[in-house]
Amino acid sequence: MRKTPIAGATSAGSEKCDKQASHRKLRRAVRQLIPCGRDDTLPVEQELTNPWSMAKDGKLYFDPANHPRLMRK
């Protein structure tokens, strides 16, 4: 059972593909900077990927009495 009545604000099941693409982009940028000798200022993930363009738009609280199915994991 879910303890906190909070769920993703979307119809998408997960953001797995979006997160994988974001991490790939970050790793590629880091691998390109290190051989150049510019490893003192490595990029941050938020600089390369817009989190608002992913499948989910955050999370929302809901009333567990009105939506008991959402309390299941």
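**Briefing: a predicted β-α-α-β protein**

Leucine 70 lies in the segment after strand E2 (59-61), where helices (H or I, at least four residues) and strands (E, at least two) are DSSP runs numbered from the N terminus. This is a predicted model, in which local features need pLDDT of at least 70 and side-chain atom pairs count only at pLDDT 80 or more, while totals for chains, interfaces and linings use all residues. Residues are numbered from 1 along each chain as its sequence is written, and side-chain values use heavy atoms, with hydrogens and water left out.

**Overall layout**

- The protein has two helices and two strands, and reading along the sequence gives the pattern β-α-α-β.
- Its radius of gyration is 18 Å, well over the 11 Å that the globule rule gives for 73 residues, so the protein is more spread out than a compact globule.
- That radius is taken over C-alpha atoms, and the globule rule is 2.2 Å times the number of residues to the power 0.38.
- Along the principal axes, the C-alpha trace spans about 55 × 20 × 20 Å.
- Take contacts (heavy atoms within 4.5 Å) between residues at least 6 apart in sequence: 69% of them join residues at least 24 apart.

**Surface and charge**

- Of the 73 residues, 15% count as buried; buried means under 20% relative accessible area, exposed means over 50%, and partly exposed is in between (1.4 Å probe, protein chains only).
- The accessible surface comes to about 6,200 Å², and carbon and sulfur atoms account for 52% of it.
- Those areas come from the Shrake-Rupley method with a 1.4 Å probe, and for residues only the protein chains shown count as cover.
- There are 15 positive and 8 negative charges, and their mean positions sit 10 Å apart.
- For that tally, Lys and Arg are positive and Asp and Glu negative, with His and the chain ends not counted; each charge is placed at NZ of Lys, CZ of Arg, CG of Asp or CD of Glu.

**The segment before E1**

- Lysine 3 is in the segment before E1 and is exposed, with a relative accessible area of 80%.
- Lysine 3 and arginine 72 are 69 residues apart along the chain, yet 9.3 Å separates their C-alpha atoms.
- Proline 5 is also found in the segment before E1, and at 21% relative accessibility it counts as partly exposed.
- Beyond its neighbours within four places in sequence, proline 5 is in contact with Leu60, Tyr61, Phe62, Pro64 and Met71.
- Proline 5 and serine 53, 48 residues apart along the chain, have C-alpha atoms 25 Å apart.

**Back to leucine 70**

- With a relative accessible area of 39%, leucine 70 is partly exposed.
- Setting aside neighbours within four places in sequence, leucine 70 is in contact with Arg2 and Phe62.
- Leucine 70 and alanine 7 are 63 residues apart in sequence, but 7.5 Å apart in space, C-alpha to C-alpha.

**Inside helix H1**

- Serine 22 is found in helix H1 (residues 16-33) and counts as buried, at 2% relative accessibility.
- Not counting residues up to four places away in sequence, serine 22 touches Glu45, Thr49 and Met54.

**How confident is the predictor?**

- The mean pLDDT (the predictor's confidence in each residue, from 0 to 100) is 87, and 99% of residues reach 70 or more.
- Confidence is highest in H1, at 93, and lowest in strand E1 (residues 6-8), at a mean of 84.
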